[in-house]
Amino acid sequence: MDSNKKYWKGLEELDQTTEFVELNKHEFAEPIPIEDVLTGGGLMGKTPRRDFLKALGFGVGAVSLAACQPVPVHKSMPYLIKPEEITPGVANFYVSTYEGQAILVKTREGRPIKVEGNPNDLIGKGGLSARAQASVLDLYDINRLKNPVKNNGDYGWEQLDNFIKDELTAIKAGGKNIRLITSTITSPSTLAVIADFITAFPTAKHINYDAVSYTGIIQGNQNSFGKAVLPHYSFDNADVIVSFGADFLGTWISPVEFIRQYVQTRNNKSLEAKKMSRHIHFETGLSVTGSNADARIPIKPSEEGPALISLYNAISGKTLPGDASLTNNKVAANAIALAAKELVAAKGKALVIAGSNDVATQILVNAINSLLGSYGTTIDLDNPSHQFAGNDSEFTEFVAEMNRGEVDAVFFLDANPVYDYYKSKDVVSGLKKVRLSVSFSDHNDETANICTAVAPNHHYLESWGDDNALEGYYTILQPTINPVYDTRQAEHSLLVWSGSAAKDYYTYVRNNWDQKLLTIGGLTGQKGWETLLQTGFIKAAPKAAGSYSFTYALDSVSQKILDHSKALAAASGSVEFALYQTVALRDGKRANNPWLQELPDPVSKVTWDNYANVSPSDMKKWGYEDGDAVKIEANGYSITIPVLSQPGQAQGTISLAVGYGRTISGPVGDNVGKNTFPLYSLRNGTLQTSGVATLKPTGDNWPLAQTQTHHSIEGRNSIIKEATFKEYVKNPAARSGEEEDHKDYDLFWQKYEHPTYNWVMAIDLNACTGCGACVVACSAENNVPVVGKDEVRRRREMHWIRIDRYYSFDDNGDGGKTEEHEIANLDNFDNVRVVYQPMLCQHCDHAPCETVCPVLATVHSSEGLNHMAYNRCVGTRYCANNCPYKVRRFNWFNYWNDARFENYIQNDHTVLVLNPDVVTRFRGVMEKCSMCIQRIQAGKLKAKIEKRPLKDGDVKVACQQTCPANAIVMGDANDPNSEVSKALKSDRTYYVLEELGTQPGVGYQVKVRNITETEA
């Protein structure tokens, strides 16, 4: 890569704004009022509680006062009759499923505390998303409905059953319509229950409704090939990938699976074989996928259609109208020409995808893939995905049916259209004309709140069931705990109301598997069922991929695409907008989960909010500052939302996240951000995520809680190292710093021996996509507290591992500070490159934190780890000040016993999610990554019980275990055959800030980009 490359965490650091400089003069953003403490206004006087706690974190005497508080006594009750399968202090694991993925659920003393990926799972191979990791917290949410509800009042199950059965009988006699509205259901048993319900009530109809729709792809395949399916994509089979707005590493269809596939052609193994895929990405706003691409080209939503037409013309040699529409974007036009050449050269191993929900756009994408021979290699229509089967036209017709008074009963399962349908007022008005409306929501959400009755569903960890997310792949869902509240599985309710002979849903599921599914996996009878409950899934042999010839006439398709583009082109005084999902919240159903709200967005690093992404050049042109509130109007709807300067955003456009602005979700999610779903529009029968809007400043400023620029890299370019694939092939050690001569500081430090184990870690920057799953997994494993938006703004987030996002561009060696280069920088902002770097305690052998701690609270172990003794720590924070990696966290509050944090993880039920193997920390002490020491000890104990040496793989830390990309490897460096030893021997390995002589125990592999000389 160019030696003039400049790295920066955020625009504040690049521009060295006054506020940024002042905040980063010190380790902590706010000074402690020492004078007040010494004069009696602090500890003894009437001091604001926040300042009081800061004082506790400063002085030994203050911490001593806290330590003298009496400890509450809790009586423990022993088992009278201990369950056979439970041994106190020993975890049990149960197989289950989450959104089609086979998972393992860790329980302690009968309560689920952690979700892990099943290493044999077909989708993730042990990797999980941040949302899956956070799902266990929802189980203990005290805001879940605790019993049935009728007319917003508590009700009993028997009363509710009698009422609904009487209503359904009357409705059936009257011949009126009954509708079941669900998000896409991929469970064979649930679909069978719904089929039985429809048999009992012939006027009933099942409608799939997804807030984020993929109808365009499904209908496009129906029109192109006669198969209305969502294809199964294989990114690991693609040598060249070209994407138009499809965030397949972040939120598109099945990101965990796609991450795993994507890195297969970019990780250590692939690079050592001198092979690397090529990824070109066109999009409006900077996404997780775009930030990982080799080449990324910002385009407006109105330019996407013409770009695809140009690509088709370049590949086919034909002339569909539309090429001329890209004349104003020479960069995109040139990129299309280059992409076409590379795709043709990779014929049979190429893949083109688009995130658009427009049917015509998807038909054109199919035509391109057909020319490239992608079907049967990188695209599989014969073994499709069963996810996201929602039909926009069917749901639109249902809303019209309600408003015409043609529906007498409607049931909502995992669907909340009053919040997430773009014309929610039509849903509300229609429900007023429906005789019986029932929601199965486990929370009192926006739709449930106006329904006649609510029959609260179980959490999935309390449920029986199954899943079939991919053709031929079946997973089992089994309960890991008795129902926490008086809820009932939705399927059971439907069985009761339809008069089914099945006594409960477990029996129904068991019969369905015995009769239809077990034999698919070669299993039969009771033994087969027990085997299923141990393995978690069965897999049928895949169907042979067929050949598909594309014969659809493209002239009309091209015209529809151009008409759509013209409709999107912003007039003077307007801007084009694009809606997207965040990695954490997606469609907003899980808005009441604090782990997800506090997970920083991978790109912007904002928590607890959504905002309008604006390009830096437009921010300057329009006179906006970060956080300025603007009124956005589109489609007859308006919202007021803060703006954020986002490098990589296409000029003349804004991007906004959906999934925020909930009004009835719970105290965590209510009124966080603004609801942008009403900005959707319906065009040609499908919901569209882009349009034209006007922006007007309000004069207010709403500060955002960003984590990224809480520390400065102080111009140190040794933190991130990257090379081109061409450089790597020529010299595998390129840019790793192998040639650098670092001083040896051993004379000043005690040399540590590691006679038994030497725990180290390797992190591959070429595999890490920045998804954030490791952050939530670490929080769940290590009882990391949630602090909320206000505390994050004060730079007090508590995550033990963070994903640093670095922007870069060439500054021509002048630091970007000359007048002429400042102008050039505005254009560079459109084409910034991004590197993600997981950062955690480096467990240095020459640890700067250890030498400055006055009470030996942080010490070195004989196994190469940096330990924290919490009961020694007096909160001087010297260690955090002396840590060059800024990975230590200070407890400003007793987060587990402070009323201001009661909505997060401290109420009587939510604390049940805490890992008993990890102590919760108290105010005034430091904490940081322990390298999951509890897991290391558990691995040693298991090996000892089994009378064998500890093997590589016996210990996996939480971040490593959940990573879908296998970017993190931890193990024993004393074992030369361990996976981590092999990884650290890579020529790409370097150590962050190695020049400081800290001798970190975490090695990183150089980021490699497959880019051309012109792109470099």
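1. Helix α21, exposed side. In this predicted model, K527 and Q534 of α21 are exposed.

2. Helix α21, buried side. The helix spans residues 525–535, and G528, W529, L532 and L533 are buried there. These four cover an arc of only 140° around the axis, so they sit on the same side of α21.

3. What packs over α21. The cover on the buried residues includes two strands from elsewhere in the numbering, β2 (92–98) and β19 (473–477). Helix α20 (505–517) and strand β20 (537–539) are also among the covering elements. After α21 comes G536, with a positive phi near 95°.

4. The four-strand sheet. This sheet is open, its pairing is parallel, and its order is β12-β11-β10-β13. β12 (295–298) and β13 (350–354) are the edge strands; each has a single partner, so one side of each lacks a neighbour in the sheet. From one strand to the next, the twist averages 10°.

5. The β10–β11 pair. β10 (residues 240–244) and β11 (residues 278–283) run parallel and are joined by five bridges. V240 has R278 as its bridge partner in β11.

6. Nonpolar cores. The largest has 218 residues. Y233, F244, W252, L311, I632, L656 and M761 have the most contacts inside it. Beyond its neighbours within four places in sequence, W252 touches residues including Y214, I217, Y233, F235, F258 and I353. A second, separate core has 42 residues, among them A192, F201, A490 and V509.

Technical notes:
Residues are numbered from 1 along each chain as its sequence is written. This is a predicted model: local features need pLDDT of at least 70, side-chain atom pairs count only at pLDDT 80 or more; totals for chains, interfaces and linings use all residues. Side-chain values use heavy atoms; hydrogens and water are left out. Two strands pair if DSSP finds at least two bridges between them. Axes are lines fitted to C-alpha atoms, for helices over the stretch in contact, and angles run from 0 to 180 degrees between N-to-C directions. A nonpolar core is a set of buried Ala, Val, Leu, Ile, Met, Phe, Trp, Tyr and Cys residues joined through side-chain atoms within 4.5 Å. Buried means under 20% relative accessible area, exposed over 50%, partly exposed in between (1.4 Å probe, protein chains only). Contact means heavy atoms within 4.5 Å. The arc is that of the directions from the helix axis to the C-beta atoms.
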